[in-house]
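Trainee: I have a structure to go through before the group meeting. Could we look at it together?

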Amino acid sequence: MSKKTSATHIDRRGFVKIVITFLGTIMGVVIGLPGISYFISPALKAEKKDDWIPAGELESYPLGTPTLFNFTQTKMNGWERSSQSYGVYVLREDEKKITAFSNVCTHLSCRVSWKEDEKAYLCPCHDAAFDIQGEVIHGPPPHPLDEYQTKIEDGTLYIHLQEG
Ligand code: FES
């Protein structure tokens, strides 16, 4: 009788082992895939980069006076949920011309406030002032207040929030 070599010949027991291992691997992948997908999918989801934020009825904003609108935006970044607060000054100059300025100072990001008696946005941190159009009157800010795009739909004002 010739001696069998394991490299060229597989006995029945070896064959069954290979088939069971193969089927076990397939079953493991089929059962484990939904779980793996559940843990990985938040990281793969594309983050929403821009939004139109409803800011209420346009008529609720008085003509000629910047009015502060505050909102909070919550977003998911992978598994992390974060919230950020925004302040927007809405200036309704007439029925058609509406501008919206960020209340974040362009110097070091303190919050500016509109002072009606001084007709200026004042920054409390380094004594800066911006005019009603957001232009720098004095102080260290390097550029005007950031402006948001706006639109009106069915009498509701929307502010375009875009993050890069
Ligand atoms: S942060 Fe506003 S002037 Fe410095």
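Trainee: What sort of model is this, to begin with?

Mentor: It is a predicted model.

Trainee: What sheet are they in?

Mentor: They belong to an open sheet of 4 strands in the order β5-β6-β7-β8, and the pairing is antiparallel. The edge strands are β5, at 113-115, and β8, at 136-138, each of which pairs on one side only. From one strand to the next, the twist averages 35°.

Trainee: Stepping back, how many helices and strands does the protein have?

Mentor: The protein has 1 helix and 11 strands. Reading from the N terminus, the order of elements is α-β-β-β-β-β-β-β-β-β-β-β.

Trainee: What about β2 and β3, how do they pair?

Mentor: Strand β2, residues 67-77, pairs with β3 in the antiparallel sense over 11 bridges. As examples, F69 has V88 of β3 as its bridge partner, and N77 stands opposite E80 in β3.

Trainee: What happens at the turn of that hairpin?

Mentor: There are 2 residues between the strands in the hairpin of β2 and β3, and G78 takes a positive phi near 70° there.

Trainee: And on to β4: how many bridges link it with β3?

Mentor: β3 and β4 pair over 5 bridges, again in the antiparallel sense. They form a hairpin with 5 residues between them. Within this pairing, V88 stands opposite S102 in β4.

Trainee: Which residues make up the centre of the largest nonpolar core?

Mentor: That core has 17 residues, and those with the most contacts inside it are V88, Y89, V90, A100, F101, V112 and I159. At least two residues of the core come from each of β3, β4 (98-102), β6, β7 and β11 (156-162). The strand that gives the most is β3, with 4 residues.

Trainee: Which residues does Y89 contact away from its own stretch of chain?

Mentor: Leaving out neighbours within four places in sequence, Y89 is in contact with P66, T67, L68, A100, F101, N103 and W114. As for Y121, which is 32 residues from Y89 along the chain, the two C-alpha atoms are separated by 9.7 Å.

Trainee: Changing topic, where does P141 sit?

Mentor: P141 is in the loop between β8 and β9, the latter at 147-148. P141 is buried, because 21 other C-beta atoms lie within 10 Å.

Trainee: What surrounds P141 there?

Mentor: Beyond its neighbours within four places in sequence, P141 is in contact with C105, T106, H107, A128 and V136. T106 is 35 residues from P141 in sequence, while their C-alpha atoms are 5.3 Å apart in space.

Trainee: And Q162, is that buried or exposed?

Mentor: Q162, in strand β11, is exposed, because it has 10 other C-beta atoms within 10 Å; the cut-off for an exposed residue is 12 or fewer.

Trainee: How far is Q162 from D51?

Mentor: Their C-alpha atoms are separated by 6.5 Å, although Q162 and D51 are 111 residues apart along the chain.

Trainee: What share of the whole protein is buried?

Mentor: Buried residues make up 14% of the 164 residues.

Trainee: And what share of the contacts links residues 24 or more positions apart?

Mentor: Among contacts with a separation of 6 or more, such pairs account for 45%.

Conventions: Residues numbered from 1 in each chain as written. Predicted model: local features only at pLDDT ≥ 70, side-chain atom pairs only at ≥ 80, totals over all residues. Pairing = 2+ DSSP bridges. Axes fitted to C-alpha atoms, helices over the stretch in contact; angles between N-to-C directions. Buried ≥ 20, exposed ≤ 12 C-beta atoms within 10 Å, placed from the backbone. Contact = placed C-beta atoms within 7 Å. Core = buried A, V, L, I, M, F, W, Y, C linked by C-beta atoms within 7 Å.
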